[in-house]
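Hi,

Here is the model we talked about, with its sequence. My notes on the salt bridges follow below.

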6 protein chains.
Amino acid sequence: MITITRRIEFCAAHRLHNPDLSDAENKRIYGVCNNKNGHGHNYAIEVTVRGALPRKTGMVMDLKDLNDILQKVIHNPCDHKHLNHDVAMFESVIPTAENMAIKFWEAVDDELQQYHGVHLHLVRVIESRNNFVDYTGPDPGDIV
Amino acid sequence: MITITRRIEFCAAHRLHNPDLSDAENKRIYGVCNNKNGHGHNYAIEVTVRGALPRKTGMVMDLKDLNDILQKVIHNPCDHKHLNHDVAMFESVIPTAENMAIKFWEAVDDELQQYHGVHLHLVRVIESRNNFVDYTGPDPGDIV
Amino acid sequence: MITITRRIEFCAAHRLHNPDLSDAENKRIYGVCNNKNGHGHNYAIEVTVRGALPRKTGMVMDLKDLNDILQKVIHNPCDHKHLNHDVAMFESVIPTAENMAIKFWEAVDDELQQYHGVHLHLVRVIESRNNFVDYTGPDPGDIV
Amino acid sequence: MITITRRIEFCAAHRLHNPDLSDAENKRIYGVCNNKNGHGHNYAIEVTVRGALPRKTGMVMDLKDLNDILQKVIHNPCDHKHLNHDVAMFESVIPTAENMAIKFWEAVDDELQQYHGVHLHLVRVIESRNNFVDYTGPDPGDIV
Amino acid sequence: MITITRRIEFCAAHRLHNPDLSDAENKRIYGVCNNKNGHGHNYAIEVTVRGALPRKTGMVMDLKDLNDILQKVIHNPCDHKHLNHDVAMFESVIPTAENMAIKFWEAVDDELQQYHGVHLHLVRVIESRNNFVDYTGPDPGDIV
Amino acid sequence: MITITRRIEFCAAHRLHNPDLSDAENKRIYGVCNNKNGHGHNYAIEVTVRGALPRKTGMVMDLKDLNDILQKVIHNPCDHKHLNHDVAMFESVIPTAENMAIKFWEAVDDELQQYHGVHLHLVRVIESRNNFVDYTGPDPGDIV
């Protein structure tokens, strides 16, 4: 198996808060991440795709195309924004790193449908040097 | 000259906005950093002190003491906060990296007064891998 | 599949030496790592857990809980210690990066038993920028 | 499963160009990477091997042996060279990161044949902080 | 004194070779860096400017402006190029890291003339993690 | 002014302990760093030299020569050693990062005497990502 990975970065604020729960329960679950005015991160996102390797090009996929997709569906909507208030895909989704990985997977996967023989393999959301989330898609049984 | 440097990190949201200016002028000056709901960073702060080197200890200053100061006056007030709304030292100061360096210098310098023979030398505010600010104090002529 | 990873760091000395072997054989097997007085590293340990993602929290596991476990069973016993002489779990185990990964797995896995639906997935022991060890548990067939 | 990973680095120039294609098509496929005089990178290569863990040594494989192999078949032929013009293994292979991963896999795998119970598991070619390629060998079905 | 620093990166090939010297002398002086077909690096350039801090903006200089300058005079001419063959400023200058720092200083300094009260302070050329060059301008006596 | 910097790394154990002081006072001054069996680090040392820039070579100093000096007087004596017990230069010197910077300065400065027009400018001892020491020599007045 051969994969290529592209990394992008963006700066954003977020707040972990479930509006269906009481303030006390939010505080208990999310701790300092529940701060009313939010906090923020320099996020790094690594997106990995796998596919066949055409002898003609020696590339699984044009990195520029992959980069353009990540700019369009991740960087542009999220950079220098507050994820909870400014970003459509988190309108009704709590922007934990886990949920971010899932939403970014969905957005990138949509764009990759037009690329024959290329499959999304992994989305990594790096919130800080000390923690990151990996997501390999809705049905791991599909991943060879 | 011999110096020791300690690095701490915190995650915070901020917004660059001068309330004395019009919205249009704020937008022109600060661009994407003026986003109403703010954005955020994993900040890293490096604080450097210089001093004599006592033969008895071989240490300019106890790193644990320096770390305790940085925790008290930088990390604890700022971590997982919105600098504009939650942090006293930025109540009437725009939290640009430059102003953060100056306010952190003042706060650390106050604490260092009780340490004989140790002088604050440099505060570096690292906002992202691509930009940082250095501040060497209000009167550079004092710096030997 | 979705996983979260937490990283901790500690500073420790160690020596690679098998007391059941001759000095000559130890020297041949471990080379410079067999130095009698030991050497040391800034170790970084990355621990990955996988699990279901509750809609209510959007978190596989509370990162603070995971961090507390790693502090308790990895950082506190090992930081600023000599692994061979000061740390119970290496009393009769040669502290190679491989064995460290296995012992840390066992220690973290014990603590995770009380967390329903969360499973230890990977322990990475990073000895230096140039080498690390990955361990995925005693029976890879269990890992889905 | 337990694996060890060794990282090496080298500096090299390369050009992405398929001599069987027209200049226009090369430009379209490879963009700026097709620059006639080439460009270059500080490459980092991470090679991962898996194997049983002998109780006697606590090491999957002697890291010094693995390092010697990587020096011999990767670093020495490629460092401070132009991959297209100076390196035998890329004489008729376009030095994309994907092809580099495959050629390095083949070269390391040859050397590992003499090590009983040790298997090549992953070759990662890191071209820059923003992109890397992973290769797990010609028949992923073999990888347990 | 207060400074801000902006970092950019580019990938390029280069060759250390003085056409006024014999091949033997070039080989003796530059060693592996004299390889005829060149080699390459992921270069990182850090450019530091100092200046007064206007109370109105809290910024020594608009980072976007500084970034635009670095894109224009450093990144655009050098990225994915062979410094010796493709870049005008190295037409008759050997592209050692030292000479690169001087040429980049001159190019950035020209652009900064239109910014009142802002002075170029330092250009750092990082060739690899293991070596970099700092240049503080043609007359260090000017630097306060 | 123009400088070049070379970085080397080594792994070592050390213990902070002044034999002229009581155990209680050592514990009070050095805390966890006083652990009887020592602890350790992946040390990184950055050595900066300044000098004139010969038009003929475009290099302040041959980086290979500088690297050879650092290997000889820093890496070889210290790597995979216990600084207190195995390294001559710390026989009667407590191996704090400050004292290490001074001893490395002296050792490198001795070697540089044979290089006309090249002066040692800075020695940085990086003990971990969170702390480092800078030393600019015994008489800062000499440093222009």
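**Salt bridges**

A search of the whole structure finds 54 salt bridges over all chains. A salt bridge here is a side-chain nitrogen of Lys or Arg within 4 Å of a carboxyl oxygen of Asp or Glu.

This is a predicted model: local features need pLDDT of at least 70, side-chain atom pairs count only at pLDDT 80 or more, and totals for chains, interfaces and linings use all residues. Residues are numbered from 1 along each chain as its sequence is written, chains are lettered from A and ligands numbered from 1 in the order in which they are written, and side-chain values use heavy atoms, without hydrogens and water.

One bridge crosses between chains. Glu25(D) pairs with Lys56(A), with the closest N and O atoms 3.0 Å apart. Glu25(D) sits in helix α1 (residues 23-30) of chain D, and Lys56(A) in the loop between β2 (39-51) and α2 (63-78) of chain A. Helices (H or I, at least four residues) and strands (E, at least two) are DSSP runs, numbered from the N terminus.

Within chain D, Asp134(D) meets Arg124(D) at 2.7 Å, N to O. Asp134(D) is in strand β5 (residues 131-135) and Arg124(D) in strand β4 (residues 118-128), so the pair ties together parts 10 residues apart in sequence. Asp134(D) is buried at 12% relative accessibility; Arg124(D) is partly exposed at 23%. Buried means under 20% relative accessible area, exposed over 50%, partly exposed in between (1.4 Å probe, protein chains only).

In chain F, Lys103(F) bridges to Glu106(F) at 3.3 Å between the closest N and O atoms. They are three residues apart in helix α4 (residues 97-112), about one helical turn.

Best wishes
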